[in-house]
Number of protein chains: 2
Amino acid sequence: MSKAPPPKPTDSELEILHVLWQHGPATVRVINDHLSQRRQAEVGYTTTLKILQLMLEKGLVRRDDADRSHVYRAAVREQETQGLLLDKFVDAAFGGSALKLVMQALGSRQTSADELAQIRRLLNDIEIQNSTANSDDDEHA
Amino acid sequence: MSKAPPPKPTDSELEILHVLWQHGPATVRVINDHLSQRRQAEVGYTTTLKILQLMLEKGLVRRDDADRSHVYRAAVREQETQGLLLDKFVDAAFGGSALKLVMQALGSRQTSADELAQIRRLLNDIEIQNSTANSDDDEHA
DNA sequence: AGATTATTACGAAATATTTCGTAGATAAGG
DNA sequence: CCTTATCTACGAAATATTTCGTAATAATCT
């Protein structure tokens, strides 16, 4: 009885997680520099520090405080976190229909031929999985 | 000079918009009943009223106050609103990559054969549009 | 009419999130 | 050693969102 899954990150927390996922473990200074670049305005150093401290309490990051400048790293995986957020978002914005979301994402923006090809490959993979999983239905073939 | 596009709805506002999109114009009472059902706990009547009043100011809903019980209706379209939210979400959660979002949505959940077929149709449509839109490049053919 | 009920308007408390200032400690430079 | 810079911890202000209580008004019922 010790598992309390980390909660859904807030917007700021997610922004920090992006930095950690892409950059790897980093100090507050490094993270803050990245955030400041990503936005128009400077981000206060202690603002970033504070959010990281809150994230630590929530279990979203871990830290190594061996040195004076603590080093933070993500404690949640990118894909899992995105999956969690996606579930919530599908519910909130698309009434739970992932299909509608995909249709909207593909329909209302320009998608390159290369990306379309990737999606087709994924569709093929999924159908193969579906058919092997359903082999009871198909056994006559 | 009179266009101020309605802002991104909050979570509660979106929940109300869902009711209005599905049910059509409705009174506070009706909307509140729907919300109360959708959740575990009762929602205070004046809570719903208050949010609707704020939504009115923001231009997210319109109201007919001819009768004593005002009738509210959505002032933003479902698809447009979802598109707006999707853009923000793709940026925040997937670093701007709609492709990643689609892959995640399709990959990490079960998708029926019927849904897969719908997506294939959409992909075909998009490719046709891409090729006719690019006819400048292809005119030599 | 008088009492009860339903409704709107409005202020403000409750909650969540973001932001920053200040204090204290530690390191680094001169 | 003293000054300056950097860092952490912490409190709290600023902002956004949600929730609800109260008062005023209008409709309904007996």
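Me: In this predicted model, which residues come closest to DNA strand C, and how many surround it?
Reply: 22 residues surround DNA strand C. The closest are Thr10(A), Arg29(B), Tyr45(B), Gln53(B) and Arg63(B).

Me: Which elements give two or more residues to the surface near DNA strand C?
Reply: From chain A, helix H1 (11-23) and helix H3 (45-58). From chain B, helix H2 (28-38) and helix H3 (45-58). By class, that surface has 5 nonpolar, 9 polar and 8 charged residues.

Me: How do you know what share of the DNA atoms within 4 Å of the protein is sugar or phosphate?
Reply: By sorting the atoms of DNA strand C within 4 Å of the protein. Sugar or phosphate accounts for 60% of them, and bases for the rest.

Me: Why is the relation between chain A and chain B called a two-fold axis?
Reply: A rotation of 180 degrees superposes chain A on chain B, with 0.0 Å of shift along the axis and an RMSD of 0.2 Å. That is the relation of a two-fold axis. The same surface serves both copies, as 100% of the contact residues of chain A recur in chain B. Within chain A, Val102(A) comes closest to the axis, its C-alpha at 2.9 Å.

Me: How much area do chain A and chain B bury between them?
Reply: About 3,800 Å², with 66% of it on carbon and sulfur atoms. On the chain A side, Leu99(A), Arg120(A) and Leu123(A) lose the most area, together 15% of what that side buries. In contact are 37 residues of chain A and 37 of chain B.

Me: Why is the pair Glu127(A) and Arg120(B) called a salt bridge?
Reply: Their closest N and O atoms are 3.3 Å apart. The cut-off is 4 Å, so the pair qualifies. The count between the chains is 2 salt bridges.

Notes:
Residues are numbered from 1 along each chain as its sequence is written. Chains are lettered from A and ligands numbered from 1 in the order in which they are written. This is a predicted model: local features need pLDDT of at least 70, side-chain atom pairs count only at pLDDT 80 or more; totals for chains, interfaces and linings use all residues. Side-chain values use heavy atoms; hydrogens and water are left out. Copies are superposed by least squares on the C-alpha atoms of residues with pLDDT of at least 70 in both. Contact means heavy atoms within 4.5 Å. A residue is near a molecule or strand if one of its heavy atoms lies within 4 Å of it. Helices (H or I, at least four residues) and strands (E, at least two) are DSSP runs, numbered from the N terminus. Ala, Val, Leu, Ile, Met, Phe, Trp, Tyr, Cys and Pro count as nonpolar, Asp, Glu, Lys and Arg as charged, and the others, Gly among them, as polar. Buried area is the accessible area (1.4 Å probe) that two parts lose on being put together, summed over both. A salt bridge is a side-chain nitrogen of Lys or Arg within 4 Å of a carboxyl oxygen of Asp or Glu.
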